[in-house]
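Please read it with the structure open.

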Amino acid sequence: QVQLVESGGGLVQAGGSLRLSCTASTRTFNTYTMGWFRQAPGKEREFVAAISWSGVNTGYADSVKGRFTISRDNAKNTLYLQMSSLEAVDTAVYYCAASPTTWSTSFMTARSRYPYWGQGTQVTVSS
């Protein structure tokens, strides 16, 4: 069982930046593919970014490419999402997720591949 705890959300003006963190309880954090998803009110949860266990492979949704950066520190069991040039449409609850499955470009966007989820952190961007 993997427990994930997100932090770093808050209220920011459009054009601003935030860094989200996700701390994992497992000692084998460095074997998990990790992802960030988000869910806006009235919408389905959608893929934002993912990173392989080593950090070598990353992938992003088109809507955040060039603005968001996913990274991880395996020594600290922590996943990050650096968000810049934030827009009102980025307002959502952001969730981190963990998957024991080996990295695959084709699967990283699928919620069903991630059995472990955090409780979410709210990001609100004011325009």
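## A buried arginine

Buried means under 20% relative accessible area, exposed over 50%, and partly exposed in between (1.4 Å probe, protein chains only). A salt bridge is a side-chain nitrogen of Lys or Arg within 4 Å of a carboxyl oxygen of Asp or Glu. Lys and Arg count as positive, Asp and Glu as negative; His and the chain ends are not counted.

The model is predicted: local features need pLDDT of at least 70, side-chain atom pairs count only at pLDDT 80 or more, and totals for chains, interfaces and linings use all residues. Residues are numbered from 1 along each chain as its sequence is written, and side-chain values use heavy atoms, with hydrogens and water left out.

Arg72 is buried but has no salt bridge. Asp73, the nearest side chain of opposite charge, is 8.3 Å away.

## What surrounds Arg72

The side chain of Arg72 has a polar atom 2.8 Å from the backbone oxygen of Phe29. It also reaches the backbone oxygen of Ser52, at 2.8 Å.

Leaving out residues up to four places away in sequence, Arg72 touches (heavy atoms within 4.5 Å) several residues, including Tyr32, Trp53 and Tyr80.

## The sheet

Arg72 is found in strand β7, residues 68-73. Strands (E, at least two residues) are DSSP runs, numbered from the N terminus. Two strands pair if DSSP finds at least two bridges between them.

An open sheet of four strands runs in the order β1-β3-β8-β7, with antiparallel pairing. β1 (4-7) and β7 each have a single partner strand, so one side of each is left without a neighbour in the sheet.

β1 pairs with β3 (residues 18-24) over four bridges, in the antiparallel sense. Ser7 stands opposite Ser21 in β3.

Methods: A polar contact is a pair of N or O atoms within 3.5 Å; within protein, one must be able to donate a hydrogen and the other to accept it, and residues adjacent in sequence count only if both atoms are side-chain atoms.
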